Amino acid sequence: GWSIKDMHRLIMTSAAYRQASVASPAAIEADPNNELVSLMALRRIRAEELNDRMLSVASRLATSMFGRPDPVSVRSDGLVTPREVDGGWRRSIYVMHRRKEIPTVLETFDQPAMNPNCEQRATSTVAQQALYLLNDTRVRQLSESFASRVAAQADNPTDQVKLAIMLAYGRPARSDERQLGVEALAEFAQAWQGQLPAKKGVSAAQQALQTYCHTLLNSAEFLYVD
């Protein structure tokens with residue numbers, strides 16, 4: 001009946017849409033290339049989703065809607081970054097797009113170019129994506145905000161690891177993840193001891209938590225829907 005909602009309901013309640021990503025040995029043998037949609041295929045989140053997700057996890061997502069697009073800045077290193085609004089950044093849909101000034105985070109993670117018509121969005125896996133998440137100043141700034149959010153709600157390493165994983169992945173931390181996370185925080189703190197005061201007023205424990213949160217933002221589970 002030309003109802004978009006009915007169409008969405010039909011798709012989302014179908015057996016194909018509700019498949020899990022873990023398949024049985026029989027399904028893998030019968031459908032090794034997943035041509036029959038026997039399991040949910042691994043999918044990387046889109047560029048806009050990644051940007052908005054990092055902002056949300058770091059509590060830097062400005063929720064104001066509508067109005068004029070948010071301007072961008074071209075940094076000295078050539079990267080294009082949206083400007084802050086109300087102490088944070090708005091969703092990607094509200095960022096100004098110019099043909100020569102596409103936000104780097106969106107361009108790096110395959111947002112379609114503005115010049116040609118785009119019938120289907122491409123998905124790539126290239127070194128620039130990993131290097132951007134590892135080295136970009138804005139991503140590190142969001143990691144610091146993420147760590148500050150965690151530290152404000154949890155005061156010991158175990159609780160910090162549990163909260164960070166819940167915020168980043170949307171699920172409880174497994175026992176092995178809790179143990180590895182606590183061990184990682186201790187190792188990071190020890191490593192930072194010799195480098196402080198790299199940042200005045202920041203302890204080795206705080207710097208370790210920032211490093212751990214930055215690691216979560218770089219992880220495959222943060223980038224992919226499995």
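The protein chain carries 26 positive and 25 negative side chains, and the centres of these two sets lie 7 Å apart. These values, like those that follow, were computed from a predicted model. The accessible surface of the chain comes to about 14200 Å², and carbon and sulfur atoms account for 55% of that area.

Turning from the surface to the overall fold, the protein chain has 10 helices and 4 strands, and read from the N terminus these elements follow the order α-α-β-α-β-β-α-α-α-α-α-α-α-β. Along the principal axes, the C-alpha atoms fill a box of roughly 65 × 50 × 30 Å. Among contacts between residues at least 6 apart in sequence, 59% join residues that are at least 24 apart.

The interior comes next. Of the 226 residues of the protein chain, 35% count as buried, and the largest nonpolar core contains 34 residues, of which L50, M54, F109, L133, F146 and F222 touch the most other members. The elements that contribute two or more residues to this core are α3 (47-57), α4 (104-108), α5 (127-135), α6 (137-153), α7 (157-169), α9 (204-217) and α10 (220-223), and among the contributors α7 gives the most, with 6 residues.

Leaving aside residues up to four places away in sequence, F222 touches I45, L50, R53, M54 and V57, together with A168, Y169, L216 and L217. Two of these partners, L50 and M54, are themselves listed with F222 among the residues that touch the most other members of the core.

Definitions and conventions
Residues are numbered from 1 along each chain as its sequence is written. This is a predicted model: local features need pLDDT of at least 70, side-chain atom pairs count only at pLDDT 80 or more; totals for chains, interfaces and linings use all residues. Side-chain values use heavy atoms; hydrogens and water are left out. Buried means under 20% relative accessible area, exposed over 50%, partly exposed in between (1.4 Å probe, protein chains only). Contact means heavy atoms within 4.5 Å. Accessible areas come from the Shrake-Rupley method with a 1.4 Å probe; for residues, only the protein chains shown count as cover. Lys and Arg count as positive and Asp and Glu as negative; His and the chain ends are not counted. The place of a charge is taken as NZ of Lys, CZ of Arg, CG of Asp or CD of Glu. A nonpolar core is a set of buried Ala, Val, Leu, Ile, Met, Phe, Trp, Tyr and Cys residues joined through side-chain atoms within 4.5 Å.
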